[in-house]
Amino acid sequence: MKYLTLITLLILGLIVFAGEVAASSKYTVESGDVLSEISMEHNVSIDSLLEYNSSITNPDVIFAGQTITIPDAKGETFRVSAYTAGYESTGKQPGDPGYGITASGTEVQEGETIACPPSFSFGTEVYIPYFDKTFTCEDRGSAITKGRMDVYMEDLDDALEFGVKELKVLY
């Protein structure tokens, strides 16, 4: 009888535990939520949310009470360097028409802008634990290929001091 009780409790525990794991990958949309904020809170890209939630046909339209799947964030190690808007990084001088403008057409912003390989769509958000920040893929670079990223920094000395690091990146 003791073994039957033990086995029953063990099976019941597994069922309850499995339910908790499944629940952690779901999110119920609340009034005022927007997909971009949900993606940042869960460290997944908007593209990943859309891929896992075919019911969302327009990323600008989600409804309170709607349940969406939150995929596990993909993570890998990237070779991350830093760049500036200056001549040493871009070949452009202040006053040039494209100075400080990313490949996606936005203005560079420290703590936000990152150059990503072409496999990342513009607008993809990536979280880098080293910085404890979420960056937005807004730029490209000739040296930014698979496995590389380039974080924008305003100050050349800061960029040089940062150098090149192998960092975990979640997207």
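How much of the protein chain do buried residues make up? Buried residues (under 20% relative accessible area with a 1.4 Å probe, protein chains only; exposed is over 50%, partly exposed in between) make up 33% of the 171 residues. This is a predicted model: local features need pLDDT of at least 70, side-chain atom pairs count only at pLDDT 80 or more, and totals for chains, interfaces and linings use all residues. Residues are numbered from 1 along each chain as its sequence is written, and side-chain values use heavy atoms, with hydrogens and water left out.

**Overall fold**

- The protein chain has five helices and eight strands. Both are DSSP runs numbered from the N terminus: helices are H or I with at least four residues, strands are E with at least two.
- Along the sequence, the pattern reads α-β-α-α-β-β-α-β-β-β-β-α-β.
- Contact means heavy atoms within 4.5 Å. Of the contacts with a separation of 6 or more, 64% come from residues 24 or more positions apart.

**The salt bridge**

- The structure holds one salt bridge, defined as a side-chain nitrogen of Lys or Arg within 4 Å of a carboxyl oxygen of Asp or Glu.
- Arg 79 and Glu 166 form the bridge through their side chains, at 2.8 Å from N to O.
- The pair links distant parts of the chain, 87 residues apart: Arg 79 sits in strand 3 and Glu 166 in strand 8 (residues 164-170).
- Arg 79 is partly exposed, at 41% relative accessible area. Glu 166 is partly exposed too, at 47%.
- Side chains of opposite charge can pair when their charged atoms come close.

**Glu 125**

- Glu 125 lies in strand 5 (residues 125-128).
- Glu 125 is buried yet has no salt bridge. The nearest side chain of opposite charge, Lys 133, is 13 Å away. Here Lys and Arg count as positive, Asp and Glu as negative; His and the chain ends are not counted.
- Beyond its neighbours within four places in sequence, Glu 125 is in contact with residues including Ser 36, Met 40, Phe 135 and Tyr 171.
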